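Please look over the chain below.

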Amino acid sequence: MSSQVCSNGAHHEHNTSSFKHIQQPLKEMHDDSILHDSHAIHSLDKYTTERARDNKSVNVKISGKVQGVFFRKWTLEQAKTLGLTGWVRNSDDGTVEAVFSGKSSAVDRMVEKCKTGPSQARVWSVDINKCEDPKAQSFEQITNSWW
(Lines give C-alpha, C1' and ligand atoms only; values in the text may rest on other atoms or scores of the structure.)
Protein backbone atom coordinates (compact mmCIF):
# COMPACT_ATOMS: atom_id res chain seq x y z
CA MET A 1 0.00 0.00 0.00
CA SER A 2 1.12 3.53 -0.67
CA SER A 3 -0.32 6.84 0.31
CA GLN A 4 -0.67 9.77 -2.07
CA VAL A 5 -1.62 13.36 -1.30
CA CYS A 6 -3.94 14.87 -3.90
CA SER A 7 -4.04 18.51 -4.91
CA ASN A 8 -6.95 19.12 -2.53
CA GLY A 9 -4.85 17.85 0.40
CA ALA A 10 -6.77 14.59 0.85
CA HIS A 11 -4.86 11.37 1.38
CA HIS A 12 -5.66 8.38 -0.81
CA GLU A 13 -4.48 4.85 -0.23
CA HIS A 14 -3.49 2.81 -3.30
CA ASN A 15 -2.65 -0.82 -3.57
CA THR A 16 0.27 -0.48 -6.01
CA SER A 17 0.40 -4.21 -6.60
CA SER A 18 -2.99 -4.01 -8.31
CA PHE A 19 -1.49 -1.74 -11.01
CA LYS A 20 1.44 -4.02 -11.86
CA HIS A 21 -0.61 -5.98 -14.39
CA ILE A 22 -1.12 -2.71 -16.30
CA GLN A 23 2.31 -1.16 -15.76
CA GLN A 24 4.40 -4.09 -17.03
CA PRO A 25 2.66 -4.49 -20.44
CA LEU A 26 2.77 -0.70 -20.91
CA LYS A 27 6.51 -0.66 -20.15
CA GLU A 28 7.11 -3.56 -22.57
CA MET A 29 5.00 -1.89 -25.24
CA HIS A 30 6.90 1.37 -24.74
CA ASP A 31 10.29 -0.41 -24.89
CA ASP A 32 9.25 -2.28 -28.07
CA SER A 33 8.03 0.90 -29.76
CA ILE A 34 11.31 2.67 -28.95
CA LEU A 35 13.23 -0.26 -30.35
CA HIS A 36 11.01 -0.37 -33.43
CA ASP A 37 11.17 3.42 -33.91
CA SER A 38 14.95 3.51 -33.54
CA HIS A 39 15.27 0.61 -36.00
CA ALA A 40 13.02 2.44 -38.48
CA ILE A 41 15.00 5.65 -38.05
CA HIS A 42 18.29 3.77 -38.51
CA SER A 43 16.92 2.09 -41.66
CA LEU A 44 15.71 5.44 -43.00
CA ASP A 45 19.07 7.08 -42.24
CA LYS A 46 20.88 4.22 -43.99
CA TYR A 47 18.56 4.45 -47.02
CA THR A 48 18.95 8.24 -47.18
CA THR A 49 22.74 8.00 -46.89
CA GLU A 50 22.98 5.29 -49.56
CA ARG A 51 20.66 7.23 -51.84
CA ALA A 52 22.61 10.45 -51.34
CA ARG A 53 25.85 8.60 -52.05
CA ASP A 54 24.43 7.30 -55.35
CA ASN A 55 23.09 10.75 -56.36
CA LYS A 56 24.88 13.80 -57.60
CA SER A 57 24.23 17.22 -59.05
CA VAL A 58 26.23 19.05 -61.68
CA ASN A 59 26.07 22.40 -63.39
CA VAL A 60 27.05 22.29 -67.06
CA LYS A 61 27.78 25.08 -69.52
CA ILE A 62 27.65 24.02 -73.16
CA SER A 63 29.45 26.16 -75.74
CA GLY A 64 29.14 26.09 -79.52
CA LYS A 65 26.22 26.41 -81.89
CA VAL A 66 23.75 25.55 -79.15
CA GLN A 67 21.13 28.30 -79.24
CA GLY A 68 18.40 28.30 -81.88
CA VAL A 69 18.84 24.58 -82.54
CA PHE A 70 16.31 23.19 -80.02
CA PHE A 71 19.07 22.34 -77.52
CA ARG A 72 16.93 23.25 -74.51
CA LYS A 73 13.94 21.23 -75.72
CA TRP A 74 16.19 18.26 -76.51
CA THR A 75 17.84 18.55 -73.06
CA LEU A 76 14.44 18.66 -71.36
CA GLU A 77 13.33 15.47 -73.14
CA GLN A 78 16.60 13.62 -72.46
CA ALA A 79 16.71 14.60 -68.78
CA LYS A 80 13.11 13.54 -68.20
CA THR A 81 13.77 10.20 -69.91
CA LEU A 82 16.70 9.63 -67.54
CA GLY A 83 14.62 10.60 -64.49
CA LEU A 84 16.68 13.68 -63.66
CA THR A 85 15.59 16.85 -61.92
CA GLY A 86 16.93 20.35 -62.49
CA TRP A 87 16.70 22.91 -65.26
CA VAL A 88 18.10 24.16 -68.59
CA ARG A 89 18.29 27.71 -69.98
CA ASN A 90 19.96 29.86 -72.61
CA SER A 91 22.64 32.17 -71.23
CA ASP A 92 23.19 35.68 -72.53
CA ASP A 93 26.76 34.74 -73.58
CA GLY A 94 25.45 32.31 -76.22
CA THR A 95 25.89 29.14 -74.17
CA VAL A 96 23.30 26.77 -72.78
CA GLU A 97 23.46 26.18 -69.02
CA ALA A 98 21.85 23.30 -67.14
CA VAL A 99 21.74 21.67 -63.73
CA PHE A 100 21.27 17.91 -63.66
CA SER A 101 20.47 16.08 -60.44
CA GLY A 102 19.72 12.43 -59.83
CA LYS A 103 21.39 9.03 -59.90
CA SER A 104 25.08 9.39 -60.64
CA SER A 105 24.94 7.07 -63.64
CA ALA A 106 22.01 9.00 -65.16
CA VAL A 107 23.74 12.36 -64.60
CA ASP A 108 26.91 10.99 -66.25
CA ARG A 109 24.88 9.74 -69.24
CA MET A 110 23.21 13.15 -69.60
CA VAL A 111 26.55 14.96 -69.53
CA GLU A 112 27.83 12.59 -72.25
CA LYS A 113 24.73 13.30 -74.36
CA CYS A 114 25.36 17.04 -74.02
CA LYS A 115 28.75 16.62 -75.68
CA THR A 116 26.95 16.03 -78.98
CA GLY A 117 23.47 17.46 -78.37
CA PRO A 118 20.64 17.42 -80.90
CA SER A 119 21.42 16.88 -84.58
CA GLN A 120 21.53 20.60 -85.52
CA ALA A 121 23.86 21.57 -82.65
CA ARG A 122 27.65 21.87 -82.86
CA VAL A 123 29.12 21.48 -79.39
CA TRP A 124 32.63 22.86 -78.82
CA SER A 125 32.92 22.30 -75.09
CA VAL A 126 31.03 21.23 -71.99
CA ASP A 127 32.22 22.70 -68.69
CA ILE A 128 31.12 20.57 -65.73
CA ASN A 129 31.07 21.62 -62.07
CA LYS A 130 29.62 19.86 -59.04
CA CYS A 131 26.82 21.82 -57.42
CA GLU A 132 24.18 21.59 -54.71
CA ASP A 133 21.04 19.57 -55.36
CA PRO A 134 18.49 22.11 -56.65
CA LYS A 135 15.74 20.27 -54.72
CA ALA A 136 13.55 20.39 -57.82
CA GLN A 137 10.59 18.06 -58.24
CA SER A 138 11.09 17.67 -61.99
CA PHE A 139 13.22 18.91 -64.87
CA GLU A 140 12.19 22.18 -66.46
CA GLN A 141 13.18 24.54 -69.23
CA ILE A 142 13.68 28.10 -68.08
CA THR A 143 12.67 30.76 -70.57
CA ASN A 144 14.77 33.88 -70.43
CA SER A 145 12.91 37.20 -70.58
CA TRP A 146 15.54 38.68 -72.89
CA TRP A 147 15.18 35.91 -75.48
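Proline 134 is partly exposed, with a relative accessible area of 30%. On this scale, buried means under 20% relative accessible area, exposed means over 50%, and partly exposed lies in between (1.4 Å probe, protein chains only). The residue sits in the loop between β6 and β7. Helices (H or I, at least four residues) and strands (E, at least two) are DSSP runs, numbered from the N terminus. Proline 134 is in contact with Ser57, Gly86, Val99 and Ser101, leaving aside its neighbours within four places in sequence. Contact means heavy atoms within 4.5 Å. Valine 58 is 76 residues away from proline 134 along the chain, and their C-alpha atoms are separated by 9.7 Å.

This is a predicted model: local features need pLDDT of at least 70, side-chain atom pairs count only at pLDDT 80 or more, and totals for chains, interfaces and linings use all residues. Residues are numbered from 1 along each chain as its sequence is written, and side-chain values use heavy atoms, with hydrogens and water left out.

**The annotated site**

Which residues does the UniProt annotation "active site" cover? The unreviewed entry gives Arg72 and Asn90. They span 19 residues in sequence, yet no two of their C-alpha atoms are more than 7.5 Å apart, so they gather at one spot. UniProt positions are given in the numbering used here, feature names are shortened, and annotations may be inferred rather than shown by experiment. Both residues are tabulated here.

Five strands form an open sheet with mixed pairing, in the order β6-β3-β5-β4-β7. The edge strands are β6 (122–130) and β7 (139–141), each pairing on one side only. From one strand to the next, the twist averages 20°. Two strands pair if DSSP finds at least two bridges between them. Strands of a sheet pair through backbone hydrogen bonds, either parallel or antiparallel. β4 and strand β5 (residues 96–103) pair in the antiparallel sense, over six bridges. The bridge partner of tryptophan 87 in β5 is valine 99. Valine 99 is also one of the contacts of proline 134.

**The helices on the sheet**

α2 lies across β3 (55–65), β4, β5, β6 and β7, and runs at about 170° to β7. α3 lies across β3, β5 and β6, at about 155° to β5. Axes are lines fitted to C-alpha atoms, for helices over the stretch in contact, and angles run from 0 to 180 degrees between N-to-C directions.

Which residues of helix α3 (residues 104–114) are buried? They are Ser104, Ala106, Val107, Met110, Val111 and Cys114. These cover an arc of only 165° around the axis, which puts them on the same side of α3. The arc is that of the directions from the helix axis to the C-beta atoms. Ser105 and Arg109, on the other side of α3, are exposed.

**The whole chain**

The chain has three helices and seven strands. Along the sequence they follow the pattern β-β-α-β-α-β-β-α-β-β. Of the 147 residues, 31% count as buried. Among contacts between residues at least 6 apart in sequence, 73% join residues at least 24 apart. The chain exposes about 10,200 Å², and carbon and sulfur atoms supply 52% of it. Accessible areas come from the Shrake-Rupley method with a 1.4 Å probe; for residues, only the protein chains shown count as cover.
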